[in-house]
Amino acid sequence: MKRFRIGARVDDERLYFEVRLYDTDEEMRAAYRRTTFFLPEQDDDTTCGRVCPVRNVNGERSRIGFIFLSRNYCGTRVVSHEMIHAALEFYRSLKGCSANFGKRCSPKEELLADIYEVLFTKMTRKLHALGVWA
Ligand SMILES: [Zn+2]
């Protein structure tokens, strides 16, 4: 299992996720099931990845969650899917932001797209560096 961080700076806040990349989906699911994030009603053997937000206490705000991935499911579909969950959670963590984007593209949606762009770019670079993506 490899651990690394991906994050972004928005409005002078630097927030990040701790990524846990497992060699197999079985290892990833077993590790996820051992955490306090585990929700039996959302669990099944087709889980390809998971974003687990952390509600920080004691004023600690920089780590906003964990991302569980497995090398078996690190194609662009799963990774981009998990990155949009991560971007939404990142957005929700900003002061004054809730994840309601309305019917048309707005500055709120643009900010979400900016966060997603940074997180996805950092994730692709890291997966290339680890040899997961050739
Ligand atoms: Zn999902």
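Analyst: Burial is counted from C-beta atoms placed from the backbone: a residue is buried if 20 or more others lie within 10 Å of its own, exposed if 12 or fewer, and partly exposed in between. The model here is predicted, and local features need pLDDT of at least 70, side-chain atom pairs count only at pLDDT 80 or more, while totals for chains, interfaces and linings use all residues. Residues are numbered from 1 along each chain as its sequence is written.

User: How does Val118 count, given its C-beta neighbours inside 10 Å?

Analyst: Val118 has 18 C-beta neighbours inside 10 Å, which means that it counts as partly exposed. Val118 belongs to helix H3, and its C-alpha atom is separated by 18 Å from that of Trp133, 15 residues apart from it along the chain. For the protein as a whole, buried residues make up 25% of the 134 residues.

User: Which elements does the protein have, and how do they run from the N terminus on?

Analyst: Helices (H or I, at least four residues) and strands (E, at least two) are DSSP runs, numbered from the N terminus. The protein has three helices and four strands, and from the N terminus on its elements run β-β-α-β-β-α-α. Along the principal axes, the C-alpha trace spans about 40 × 35 × 30 Å.

User: How should I read the sheet, and what is the order of its strands?

Analyst: Two strands pair if DSSP finds at least two bridges between them. In this protein an open sheet of four strands has the order E1-E2-E4-E3, with mixed pairing. E1 and E3 are the edge strands, each of them pairing on one side only. As examples of individual partners, Phe4 is bridged to Val19 in E2, and Tyr16 has Arg63 in E4 as its bridge partner.

User: What lies between E1 and E2 in their hairpin?

Analyst: The hairpin of E1 and E2 has two residues between the strands. Asp11 is found in this loop and has a positive phi of about 50° although it is not a glycine. Asp12 also has its place in the loop between E1 and E2, with a positive phi of about 65°, again without being a glycine. Asp11 counts as exposed because it has 9 C-beta neighbours inside 10 Å, and Asp12 counts as exposed because it has 5.

User: Which residues of helix H1 are buried, and why are they on the same side of H1?

Analyst: The general idea is that an α-helix has 3.6 residues a turn, so residues three or four places apart point the same way. In H1 (residues 25-33), the buried residues are Met28, Arg29 and Tyr32. They cover an arc of only 95° around the axis, which puts them on the same side of H1; the arc is that of the directions from the helix axis to the C-beta atoms. Glu26 and Ala30, on the other side of H1, are exposed.

User: How far apart are the end C-alpha atoms of helix H3, and what covers its buried residues?

Analyst: The expected span of a helix is 1.5 Å times one less than its number of residues. H3 (residues 107-129) has 23 residues and should therefore span 33 Å, and its end C-alpha atoms are 33 Å apart, which agrees. Ile115, Tyr116, Leu119, Met123 and Leu127 are buried in H3, and their cover includes strand E1 (2-10) and helix H2 (76-93). Just after H3, Gly131 takes a positive phi of about 80°.

User: What share of the contacts with a separation of 6 or more comes from residues 24 or more positions apart?

Analyst: Among the contacts in the protein with a separation of 6 or more, residues 24 or more positions apart account for 58%.

Terms used: Contact = placed C-beta atoms within 7 Å.
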